[in-house]
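Open the model in your viewer and keep the selection panel at hand. The tour below goes from one selection to the next and says what is to be found at each stop.

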Amino acid sequence: MTDDEYGLTEETAGAPGDEFEEIDVRDTEADKIARTKDREFAEFRKRLKDTEQFKLDDGAFDDATYAAIYKLVEDDHMGAMGGPISTGKEANVYEALDAEGGDVALKVYRINASNFQQMRAYLEGDPRFEGLRGDKKAVVLSWTRKEFSNLRRAKAAGVRVPAPLAVQRNVLVMELIGREGDAAPTLSDVDIENPQMAYEVVREYVRRLYDAGLVHGDLSEYNVVVYEGELVVIDVGQAVTIHHPNSATFLERDCRNVANFFARQGADADPDDLLSYVHEHATPRAEADTAAGDRDGTEGSLDRGSDADDA
Ligand SMILES: Nc1ncnc2c1ncn2[C@@H]1O[C@H](COP(=O)(O)OP(=O)(O)O)[C@@H](O)[C@H]1O
Ligand SMILES: [Mg+2]
């Protein structure tokens with residue numbers, strides 16, 4: 001196994017942090033489309049509603065969610081909708097085709113997410129989302145936007161994540177990890193060939209994220225997928241910046257989940273050691289990650305060192 005096969009190719013990028021753009025979450029283009037109910041959209045919605053995967057799950061989408069998908073198709077971010085990969089508490093994940101017929105994944109957040117109070121708590125401590133309005137729709141739309149933004153930032157930091165492709169209202173389009181009809185399994189579902197090496201890769205991911213000012217917040221064997229020898233971190237919607245009042249607790253929990261999992265697989269891993277490792281080897285941005293930094297992109301540069309080598 002080389003570092004490459006475990007996904008440790010360094011992807012460098014400009015200083016991340018300016019990826020969050022203000023959006024009007026009250027009345028998105030999708031809401032406008034849903035409201036005008038023009039014939040083309042009505043037909044699109046009917047076609048989509050009549051496909052097998054939606055017959056089974058009737059009522060999962062409101063009109064504006066159909067409109068968001070319609071808008072993504074109109075804007076050439078996707079082509080046809082495919083079958084479901086996963087049905088979760090706050091979102092469903094589907095396969096889809098992009099405009100050229102390649103594979104993508106679609107994560108569709110529910111506006112009626114049962115745990116939206118929790119979602120709000122994650123958003124409120126995050127300087128990127130200061131001044132967020134409190135209603136369900138605003139929270140879920142900001143959350144979707146946050147996942148997109150976190151994917152971008154993680155990718156820029158050299159963490160292997162699904163490439164973020166587009167976001168529209170409560171719908172996120174990203175790279176599909178795996179093949180059509182055969183999405184990649186999570187770490188919890190595979191036999192790990194070399195647990196020690198895999199652990200070191202994930203440890204490096206945690207370090208790189210932290211270095212870029214982010215804490216995943218729900219990192220475990222369930223949110224890492226394995227594809228062609230690469231470990232790919234997913235589900236970054238809840239990831240917070242280091243300024244979030246709970247970021248230290250989240251980092252501790254991530255380290256505990258990760259180290260305990262790999263220790264069970266036979267790796268030499270320990271939660272406290274992992275946490276110390278991250279603290280010792282990362283230099284999270286102190287100034288650059290403020291709300292202002294995130295909004296206008298006035299970032300300090302990151303000292304990432306020779307990442308791939310010390311894993
Ligand atoms: N980009 C992707 N490519 C392939 N499978 C994915 C992708 N994103 C999510 N999945 C699958 O969908 C499941 C749920 O996605 P996740 O982002 O973890 O949402 P949840 O909040 O429901 O846990 C994952 O466990 C994984 O199996
Ligand atoms: Mg998940």
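A residue is called buried here if 20 or more other C-beta atoms lie within 10 Å of its own, exposed if 12 or fewer do, and partly exposed in between, with the C-beta atoms placed from the backbone. Helices (H or I, at least four residues) and strands (E, at least two) are DSSP runs, numbered from the N terminus. The model is predicted, so local features need pLDDT of at least 70 and side-chain atom pairs count only at pLDDT 80 or more, while totals for chains, interfaces and linings use all residues. Residues are numbered from 1 along each chain as its sequence is written, and chains are lettered from A and ligands numbered from 1 in the order in which they are written.

**The whole chain.** Begin with everything shown: the chain holds 10 helices and 11 strands, and 45% of its 311 residues count as buried. Two residues are in contact if their C-beta atoms, placed from the backbone, lie within 7 Å; among contacts between residues at least 6 apart in sequence, 66% join residues at least 24 apart.

**Strand E3.** Select residues 103-109, which form strand E3; six of its seven residues are buried. Two strands are said to pair if DSSP finds at least two bridges between them. E3 pairs with E2 in the antiparallel sense over seven bridges, and Tyr 94 has Leu 106 in E3 as its bridge partner. The two strands form a hairpin with five residues between them, and in the turn Gly 101 has a positive phi of about 90 degrees. E3 also runs antiparallel to E5, to which five bridges join it, with Val 104 standing opposite Glu 175 in E5.

**Met 174.** Stay on E5, where Met 174 is found, and colour this residue. Why does Met 174 count as buried? It does so because it has 21 C-beta neighbours inside 10 Å. Phe 148 is 26 residues from Met 174 in sequence, and their C-alpha atoms are 8.5 Å apart in space.

**Ligand 1.** Next, select ligand 1 and the residues near it, a residue being near if its C-beta atom, placed from the backbone, lies within 6 Å. The ligand is surrounded by 21 residues, of which Ser 86, Gly 88, Pro 162, Ile 177 and Asp 235 are the closest. Strands E1 (81-87), E2 (91-97), E3 and E5 (171-175) each supply at least two residues of this shell. Domain 1 (29-179) and domain 2 (183-303) each contribute at least three residues to the shell, the domain bounds coming from an automatic or database domain assignment.

**Helix H5.** Move to residues 116-124, helix H5, in which Phe 116, Met 119, Tyr 122 and Leu 123 are buried. Seen down the axis of H5, these buried residues fall within an arc of 110 degrees, so they line one face of the helix; the arc is that of the directions from the helix axis to the C-beta atoms. Helix H6 (136-156) and strand E11 (240-241) are among the elements that cover them.

**A second hairpin.** Select strands E9 (224-227) and E10 (230-233), which pair in the antiparallel sense over four bridges. Val 226 stands opposite Leu 231 in E10, and Glu 228, in the turn of this hairpin, has a positive phi of about 50 degrees.

**Glu 40.** End in helix H2 (residues 39-50), where Glu 40 lies. Glu 40 counts as exposed because it has 10 C-beta neighbours inside 10 Å.
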